[in-house]
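Here is a briefing on charge pairs, ring pairs and the overall fold. Please look at the structure first.

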Amino acid sequence: MKAISILSIGALAAVVAGCLNTEHSASATGERYPWKKNIVTTVFWIGEQPSGNNPVPNRRSSWDKDWTRNYGGFDDPNPAHRSNYMPVKFTPRQNPFYCALPYNDKSTNGHRPEAPHVVPWFKEAYQGPGVSTCKDRWVAIRKGNRTAYAQWEDAGPFRTDYWQYVFGNERPKPNLNKGAGLDVSPAVRDYLGLGETDVTDWRFVEFSEVSRGPWSTLGENNTFVISDRKTGRELAQASKRAEGGAIAR
């Protein structure tokens with residue numbers, strides 16, 4: 001038991017040291033979340049069937065067992081079947097601008113032991129053991145002089161445990177997709193003009209840094225939509241209070 005405890009403490013110390021190094025590099029650039037540059041980027045989509053380079057079907061995500069149904073259907077990547085950054089057959093119920101990174105903070109019961117130490121926003125985002133602190137997080141994705149914003153909705157490509165790359169300074173490891181370290185949705189592909197395998201830069205961003213665009217209009221999970229509805233309710237309530245006051249006088 002003592003040997004296990006010593007090993008666990010040593011492993012935790014290594015994790016914390018890695019976090020401190022990450023924080024140092026971020027502050028040195030003046031950004032809380034520095035850019036990850038020249039990352040091989042591939043396209044994936046909700047409802048994608050398994051293939052040679054995609055062994056796991058995308059009917060479900062790491063955080064949503066009914067991902068396809070909750071999205072509203074198959075996010076057809078065929079440009080001929082898309083318009084306005086979404087499939088023509090239905091209006092998505094979630095943000096069509098989504099992405100995947102190779103880390104999942106959740107375990108079978110609660111969160112991975114390193115998650116509170118490596119996820120920079122863990123404490124502020126924590127809502128209990130059953131809720132991911134990574135799902136729906138905003139990511140800026142840059143190609144040339146264009147930047148798209150997407151929400152983090154799945155873990156991959158290939159790995160779900162690579163916090164050293166996602167939150168640290170390591171580079172993506174070799175894999176079947178030329179060392180891909182980022183998966184993006186067809187909407188992100190179309191906005192940035194990406195090929196099926198391309199190279200982009202990405203970084204995490206706070207919601208306050210995300211400008212409005214085609215990624216701000218749709219989705220029950222979309223922070224813009226949630227915020228706008230809240231503002232609308234507050235304005236409606238304020239209007240009713242004002243009308244009530246006018247009648248009373």
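The side chains of Glu 170 and Lys 173 form a salt bridge, with N and O 3.9 Å apart. A salt bridge here is a side-chain nitrogen of Lys or Arg within 4 Å of a carboxyl oxygen of Asp or Glu. The model is predicted: local features need pLDDT of at least 70, side-chain atom pairs count only at pLDDT 80 or more, and totals for chains, interfaces and linings use all residues. Residues are numbered from 1 along each chain as its sequence is written, and side-chain values use heavy atoms, with hydrogens and water left out.

**Salt bridges**

- Side chains of opposite charge can pair when their charged atoms come close.
- The count under this rule is 17 salt bridges.
- Glu 170 is partly exposed, at 35% relative accessible area. The classes are buried (under 20% relative accessible area), exposed (over 50%) and partly exposed in between, with a 1.4 Å probe and protein chains only.
- Asp 190 and Arg 189 form a salt bridge at 2.8 Å, N to O. Asp 190 is partly exposed at 30%, whereas Arg 189 is buried at 6%.
- Both belong to a network of salt bridges that links Asp 75, Arg 82, Arg 189, Asp 190 and Glu 196.
- Arg 229 and Glu 220 form a salt bridge, N to O at 3.0 Å. Arg 229 is partly exposed, with 43% relative accessibility.

**Aromatic pairs**

- A pair of aromatic rings is described by the distance of the centres and the angle of the planes.
- Rings of Phe, Tyr and Trp (its six-membered ring) pair if their centres lie within 6.5 Å; planes under 30 degrees apart count as stacked, over 60 as edge-to-face and the rest as tilted.
- The count comes to 27 aromatic pairs.
- The ring centres of Trp 63 and Trp 152 are 5.7 Å apart and the planes stand at 75°, so this pair is edge-to-face.
- This pair links distant parts of the chain, 89 residues apart. Trp 63 is in the loop between strand S1 (36–43) and helix H2 (67–71), and Trp 152 is in strand S6 (residues 146–155).
- Trp 63 and Trp 152 are both buried.
- Tyr 71 and Tyr 98 also make an edge-to-face pair, with 6.0 Å centre to centre and 80° between the planes.
- Tyr 71 lies in helix H2 and Tyr 98 in strand S4 (residues 98–101), so the pair ties together parts 27 residues apart in sequence.
- Tyr 71 and Tyr 98 are both buried.
- Ring pairs join Tyr 33, Trp 63, Tyr 103, Trp 121, Trp 152, Tyr 162, Tyr 165, Phe 167, Trp 202 and Phe 204 into a cluster.

**Charges over rings**

- A charge sits over a ring if NZ of Lys or CZ of Arg is within 6 Å of the ring centre and within 35 degrees of the ring normal.
- Arg 137 lies over the face of Trp 121, 4.0 Å from the ring centre.
- The charged end of Arg 146 is over the ring of Tyr 191, at 4.1 Å from its centre.

**Whole chain**

- The chain has 7 helices and 8 strands. These are DSSP runs numbered from the N terminus: helices are H or I with at least four residues, strands are E with at least two.
- Of the 249 residues in the chain, 45% are buried.
- Among contacts (heavy atoms within 4.5 Å) between residues at least 6 apart in sequence, 68% join residues at least 24 apart.
- The chain exposes about 13,300 Å², and carbon and sulfur atoms supply 54% of it. Accessible areas come from the Shrake-Rupley method with a 1.4 Å probe; for residues, only the protein chains shown count as cover.
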